[in-house]
Amino acid sequence: MDTEAGPGSPSYTPGTGRPFPEAEPELVKRWHSGGGELVELLSQVRERFGGVAAFRLGPTPTVLVTDPQAVQHVLARYPERYVKRSHRARVLIGDGVLAATGAAWKQQRRLLQSQFTGTGMRRYEQRITDAARTTAGRWDAYARTGQSFDVGQEMRRFALDSIWRSLTGHALDDETERELAAMESVGAALPTLPADIGDARNAVAADLARIDAVARHAIEAARGGAAGPDGPGLLHVLLDAAAEHPEYTDRLIRDELVTLLAAGHETTATTLNWLYLLLDRNPGAREQALAAGGEGSPERRQAIQALIHETLRLYPSAWILPRHATEDDTLAGYAVEAGTDLLVCPYLTHRDPELWPDPEDFDPQRFITPGARPTHPGAYFPFGIGPRACLGLQFALRESTVLLEHLLPAHTPVFSSTPTKAVHGITVRPDGPTPAALAPPVT
């Protein structure tokens, strides 16, 4: 691919360059007639035309971006030229930080950023550990009694407990967990909801009412001083912000709370579910991670984190990142016109055999062995890169690591059945339940 000229280069003129290679209409027609998922079409476009190419689902072309340099250009170098528009989950998360744009997004991001790095993260270490211990206790009981359970549901319960403790200072109770299951129902309905936001909300009004009731109760409790056993949480930070920033109304606080709940548990739960399915197919990877070092050692922690990163390579938290060009630009030598829609696709970048040898294989050693993985920031970005990268990256990695440190040495789920494929929705999730049982503990 041509080397991209940048600002300051004599040959750089935004919007100049040759037209994108474009997939022929027959390719799109065959995909439509087969009723396949979008990822199948995108995979064919990338395979045939490379890391920057166009295809048409309507009258104007959409540009697929998987080449690492082009990924960095769009997401990290020039995010003001390639912006997010409406978020698919707006019906659920409203004006929360994931859906916000412009000046509102900058302020919301600035407020939350400090909570997910450095000192902010240290505030939530014990809460994550307590959630992991609670999960480990349940798994000990499953092993003693032989009770079967769904691994995916267990991972969702753990991840929701972690973020609920971090938000409110309280452990997740059974009633709150049942009510917040409505988030999953809304998420599953999103692809089929009406385009009009009002009609979409009406279609899931009962589930939204359950979610709103939980949020309202949590806000009222925090405002009344109910900090919880571990002290104040993220929700208290939002309430404090309202004292200085009038735009932090109860509605915006609700939207931020639901955004953090939804985004803060679904992606982590899905990643952990995939990880256990991958370990089931590759049992040696578990043994290798545990053999890397003793309990609590840096070597074991590094090996466990390699399991997580390799899972995220195959099933990134955000498998596709839509962007919209606000002005003319030149991308990888091709002319981008203002108004062009782009799809940046970590899922396909992470499976590019030119970047990742044997890309379909589960090989955590890629993230331990020097030189075994590409170093370009646009080659591995399961949480995105640039200013709109996922806020909760460090939180998600930390809670996943802590849970696996508790569970991997003691328990190996034996699945009675496993899903046969992945579903590419807002996240990439297994197509079906993941029922399992645990061997009784060795005495």
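**Loops, sheet and helices**

Author: Let's start with Asp358, which is found in the loop between α16 (346-349) and α17. Helices here are DSSP runs of H or I with at least four residues, strands are runs of E with at least two, and both are numbered from the N terminus. This is a predicted model, in which local features need pLDDT of at least 70 and side-chain atom pairs count only at pLDDT 80 or more, while totals for chains, interfaces and linings use all residues. Residues are numbered from 1 along each chain as its sequence is written, and side-chain values use heavy atoms, leaving out hydrogens and water.

Reader: Thanks! Is Asp358 buried or exposed?

Author: Asp358 counts as exposed, at 55% relative accessibility. The scale is under 20% relative accessible area for buried, over 50% for exposed and partly exposed in between, with a 1.4 Å probe and protein chains only. Its phi is near 50°, a positive value in a residue other than glycine.

Reader: What's the phi of Ala332?

Author: Ala332 has a positive phi of about 55° although it is not a glycine. It is found in the loop between β6 (329-331) and β7 (334-336), and at 3% relative accessibility Ala332 counts as buried.

Reader: On to the sheet. What is the strand order?

Author: Five strands form an open sheet in the order β1-β2-β8-β5-β3, with mixed pairing. Strands β1 (52-56) and β3 (82-83) are at the edges with a single partner strand each, so one side of each has no neighbour in the sheet. Pairing takes at least two bridges found by DSSP.

Reader: How do β2 and β8 pair?

Author: In the parallel sense, with four bridges between β2 (residues 61-65) and β8 (residues 341-344). Leu64 has Leu343 of β8 as its bridge partner. Helix α2 (residues 38-49) packs on the sheet, touching β1, β2 and β8, and its direction makes about 130° with that of β1. Contact here means heavy atoms within 4.5 Å. Axes are lines fitted to C-alpha atoms, for helices over the stretch in contact, with angles from 0 to 180 degrees between N-to-C directions.

Reader: And which way do β5 and β8 run?

Author: Those two run antiparallel, joined by four bridges, and Arg323 stands opposite Leu342 in β8. Strands β3 and β5 also run antiparallel, with two bridges, and there Tyr82 stands opposite Ala325 in β5. Strand β5 (residues 321-325) is mostly covered, with four of its five residues buried.

Reader: Changing topic: how do α13 and α15 cross?

Author: The axes of α13 (residues 250-281) and α15 (residues 298-314) cross at roughly 100° and come within 9 Å. That makes α13 roughly perpendicular to α15; the classes are under 35 degrees for roughly parallel, over 145 for roughly antiparallel, 65 to 115 for roughly perpendicular and oblique for the rest. The contact involves residues including Trp274 and Leu278 of α13, with Ile308 and Leu312 of α15.

Reader: What does Thr267 touch?

Author: Thr267, in helix α13, touches Ser317 and Thr427, not counting residues up to four places away in sequence. It is buried, with a relative accessible area of 19%.

Reader: Last one: where does His406 lie?

Author: His406 lies in helix α17 (residues 393-407) and counts as partly exposed at 28% relative accessibility. Leaving aside neighbours within four places in sequence, His406 is in contact with Thr129, Ala132, Arg133 and Ala136.
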